[in-house]
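The order follows my reading of the chain.

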Amino acid sequence: MNATWVGQRFARKEDGPLLTGHDRFVDDIPMHNVAHVAILRSPHAHAQIMRLDASRAAALPAVYAVLTGEEVVRLSRPQRGRIPLPASPSVYALAHDKVVYVGQPVAAVAAVDRAAAEDALDLIDVEYQPLPAVVSPEGAMAADAPLVFDEIGSNVLWHDTFPYGDVDGAFRRADRLVHERITIHRYLSTPLETFGSIAQFDPSTQTMTVWGSAHQPGQEINNIASALGLSPGQVRMIVPPMGGGFGNKTRPIYHILVALLAMKLGNRPVKWIEDRRESLLALGHAADGIMDVEAAIQHDGTILALKFRNIENEGAGIDFAGRHNLLMLSNLVNCYRITAVSYEGYSVVTNSCPVIANRGIGKPFMCLAVERIVDAVARATGLDRVVVRERNFIQPHQFPYETPSGQTYDSGDYPRMLRKALDLLDYDELLVEQSSARAEGRLVGIGIACGVEPAGSNLAYGMLISGPGQLLSGQGEAARVRMEPDGSATVYTGGIESGQGHTTSLSQIVADELGLHPERVRIAATFDSQSHPYVQTSGNYSNKFNGHDTAAAIGAARKVRDKLLRRAARMLEVSSDDLELGDGRVRVMGAPDRSLPIAQIAARAYWSLTDEAPDDEPGLEALHYYRNPRVRTPDAQRRVPVQMGFSAAAHVALVEVDPDTFEIAVRRYGVVHDCGKEINPLIVEGQVHGATVHGIAAALLEEFVYDDEGQLLTTSFMDYLKPSAADVPTIETDRLETPSPWTPLGTKGIGEGGAIVAPAAIASAVEDALQPLGIKITGLPIIPTRLWRVVCDGGTTYPRSREAYVTAR
Amino acid sequence: MRVVAERTPVAAIVNGERREAFVEPRRSLADYLRDDLGLTGTHVGCEHGVCGACTVLVNDRSVRSCLMFAVQVNGQKVLTVEGLGADGLHPLQQAFHEHHALQCGFCTPGMLLSALELLQINPTPTEDEVRRGLAGNLCMCTGYVNIVRAVLAAAATAS
């Protein structure tokens with residue numbers, strides 16, 4: 001079959017209602033008699049709840065119900081982390097005995113409207129006994145640190161070391177060692193639509209329907225059902241279009257909270273929409289971390305081995321505990337042929353907001369750490385940064401390439417990718433400009449960074465923490481394709497749409513499989529567990545669309561296509577092998593006059609049950625559960641394919657630092673990306689633009705700042721700075737297409753790469769700009785006032801150590 | 001506890017039609033449009049006047065509907081995204097579609113109305129002027145590249 005739609009710059013089908021204001025995000029769904037929820041949150045980072053009295057709030061005529069922590073403990077079961085931890089605290093939807101971070105939900109009110117619910121919060125009396133709080137992960141590891149979860153007896157949730165290859169031998173053989181301590185801060189992609197949940201309990205059928213934010217519907221259904229003591233079959237989850245997600249909308253406690261109120265109110269829908277302050281305070285943050293990186297190198301810049309020791313601040317939660325650490329095993333060696341690596345990770349809890357998945361989870365930090373050490377190697381050897389990268393790149397003929405931790409990189413051409421990125425911005429010309437700018441006393445820098453972009457998680461990686469008994473493993477997706485009696489097709493999948501253009505991309509794919517125009521393929525984009533097939537690994541996360549959602553949809557479409565062709569073969573009295581599909585018709589190959597409209601065959605499949613049917617089944621519908629065949633559990637050396645496909649990108653940035661104010665301007669920014677075969681280059685470029693700007697902003701603007709008492713100081717968009725159009729340049733792009741041998745279409749992931757590589761490119765660029773001042777960049781974000789202080793102090797390293805992560809201003 | 005005041009009638013010309021609802025004095029314009037008039041195309045992203053998602057035009061000038069009270073638009077003219085492009089898509093909407101200037105689409109209504117005001121004031125903006133003109137509207141998905149292209153394309157089509 002000749003692909004006709006895959007690969008085309010097809011303008012998106014889903015745009016119409018979004019452009020005219022007629023789309024229905026969760027807050028836009030018309031609901032009758034809905035009760036609105038407001039949540040009372042802890043003002044303390046760490047405190048004992050001595051007394052909580054909600055009786056005055058409950059007595060208000062406008063209030064339907066109040067929920068307290070004591071009730072939640074009675075009415076629900078505690079949450080477990082997505083990776084079950086060896087020692088796990090009991091976490092409920094509301095705090096009951098003590099609070100462990102500012103913003104933790106303490107009580108909730110359902111009332112006639114949101115304003116009335118917020119009024120009622122003022123009448124809930126809570127008496128706290130404040131306890132000492134700890135917000136820095138190193139502080140939390142101290143012997144006398146206050147315990148976040150008393151029942152665990154330590155703030156270190158997990159600690160382990162993974163030695164891969166002959167690391168000690170390489171360190172003995174090395175000409176020299178290079179060491180850096182690299183830090184990353186807390187930030188978040190902050191989807192413009194906040195989290196939302198609506199729940200309604202039907203007492204007659206004992207069914208809970210939840211409309212709301214979710215990336216992994218199978219997991220959310222399980223979370224809600226197990227918390228409430230229901231069967232997953234009693235929970236109907238509907239995920240309306242999401243106004244962005246980036247991994248952030250994964251907080252089961254909110255659905256559980258709303259569902260508990262719905263159960264109390266019987267038949268009345270209950271709705272909670274997070275406000276921005278709540279979102280910044282308590283939805284979740286990407287983890288901050290402190291990473292010691294040591295490289296064993298030769299004089300020619302060859303990197304023989306790397307040692308990492310990472311302390312990850314998980315905040316006061318368990319939903320995502322351990323994940324940042326383990327996912328970094330996927331890009332430990334980044335684009336480089338480094339055969340021995342050891343990784344030591346600590347997951348530490350503190351009195352700060354629990355961490356959550358955020359575009360590339362963990363991998364931006366690992367990419368930053370590796371790219372910083374590569375630049376440090378260049379500095380140490382006196383070699384050019386480009387040369388050191390070229391010397392260490394995995395070469396094109398080495399694919400598929402297995403890394404020390406057990407990742408198999410599927411395809412790529414890193415030398416050509418970097419060369420192309422340098423050409424995109426005319427690197428030689430930039431060097432000339434930089435040299436004349438420096439002569440004028442201007443601080444102009446060029447940043448270079450390369451990175452792999454892992455895609456699709458093999459969830460068996462959690463067994464590295466939880467052991468082989470972990471139920472969740474592998475990666476897959478489910479899809480159902482129904483050819484309707486009019487010859488159009490409808491696709492239902494367990495994937496979730498939050499703006500990535502999956503609707504259009506899947507339409508293009510299924511259109512090719514069924515010989516239809518993409519406009520004749522309908523994607524049921526609002527996930528509904530009553531119509532959409534799913535497995536526990538379903539959803540939109542870990543960049544899995546490219547290889548898993550596509551494979552599930554193709555599998556289902558091919559089953560439909562086979563049925564269609566076998567019916568057509570009977571009608572045309574030929575063998576189905578002699579038939580082809582295209583332009584809405586089934587044609588006999590080599591006999592263009594012998595054809596039938598697909599719609600005619602489809603109509604008979606549903607209407608004319610006297611027709612003999614293939615498999616004796618009327619209709620043209622098929623279900624396909626796709627399982628990635630390359631997933632496996634950790635081996636004896638604890639090597640495991642954490643992720644399944646590997647895109648890559650090279651970024652080149654041109655920045656200028658104001659020598660008086662230390663304001664940093666990104667003048668130009670170029671990306672060459674390689675995600676294998678592109679389904680829709682228009683959509684791919686959009687993903688690259690958006691992710692890259694996320695990464696730039698993470699490096700220069702966005703930061704959650706806590707004071708020493710654990711108060712978050714950045715709870716509005718006036719303090720937590722997002723980039724506007726005026727803050728960033730046009731992202732210039734070019735591409736390579738080295739198809740993956742393992743996905744049906746040769747595709748690889750593209751949603752996260754920009755956010756993974758850009759922080760490293762910006763750090764590299766600013767360091768290069770500051771070269772005349774001799775300052776190296778070892779941590780993010782790079783904030784002008786802090787940079788100025790380093791310069792005033794005659795320092796040589798940014799940031800100063802105590803500003804490396806959480807700091808008092 | 002706050003005292004809930006009497007509801008008062010607010011009548012405005014919204015998208016060319018006279019619309020009326022009884023609201024509390026503390027009701028924001030955004031809530032009035034969304035909850036009282038059912039115009040949910042106006043989205044609320046931060047409720048503190050930074051993100052611009054709730055931007056609408058009042059008497060042809062952009063306002064943040066989360067920071068304005070409903071009672072302030074009594075007798076005024078309001079344009080929301082639902083009123084843009086009476087017959088088919090407005091040229092800005094068309095340009096946003098063709099240039100892939102939206103991903104999740106949550107910022108799009110506010111972005112379109114800010115762009116409309118910008119082009120009314122400056123029909124032939126430079127790229128830099130478009131970037132500064134849209135600086136009050138945050139988009140978390142697109143990195144602005146295609147939004148800027150779309151606005152420039154719409155300006156070129158109109159001129």
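I began with helix α14 (residues 427-439) of chain A, which has 13 residues and reaches 18 Å from its first C-alpha to its last, close to the 18 Å expected at 1.5 Å a residue; the expected span is 1.5 Å times one less than the number of residues. Helices (H or I, at least four residues) and strands (E, at least two) are DSSP runs, numbered from the N terminus. This is a predicted model, in which local features need pLDDT of at least 70 and side-chain atom pairs count only at pLDDT 80 or more, while totals for chains, interfaces and linings use all residues. Residues are numbered from 1 along each chain as its sequence is written, and chains are lettered from A and ligands numbered from 1 in the order in which they are written.

Is α14(A) buried or in the open? The number of its 13 residues that are buried is 1, so α14(A) lies largely in the open; buried requires 20 or more other C-beta atoms within 10 Å of a residue's own, exposed 12 or fewer, and partly exposed falls in between, with C-beta atoms placed from the backbone. Just after this helix, I noted that A:Gly441 takes a positive phi of about 85°.

I then turned to an open sheet of 4 strands in chain A, ordered β18-β27-β28-β29 with mixed pairing; two strands pair if DSSP finds at least two bridges between them. Its edge strands are β18 (443-457) and β29 (731-736) of chain A, each pairing on one side only. Within it, β27 (residues 643-657) and β28 (residues 664-674) of chain A pair in the antiparallel sense over 10 bridges, and A:Glu656 has A:Ala665 in β28(A) as its bridge partner. Returning to α14(A), I found that it packs on this sheet, touching β18 and β27 of chain A, and that its direction makes about 140° with that of β18(A). Contact means C-beta atoms, placed from the backbone, within 7 Å, and angles run from 0 to 180 degrees between N-to-C directions of axes, which are lines fitted to C-alpha atoms, for helices over the stretch in contact.

Last, I checked a helix pair: the axes of α19 (residues 681-700) and α20 (residues 753-769) of chain A come within 7 Å and cross at roughly 40°. That makes α19(A) oblique to α20(A), since angles under 35 degrees count as roughly parallel, over 145 as roughly antiparallel, 65 to 115 as roughly perpendicular and the rest as oblique.

Terms used
Two residues are in contact if their C-beta atoms, placed from the backbone, lie within 7 Å.
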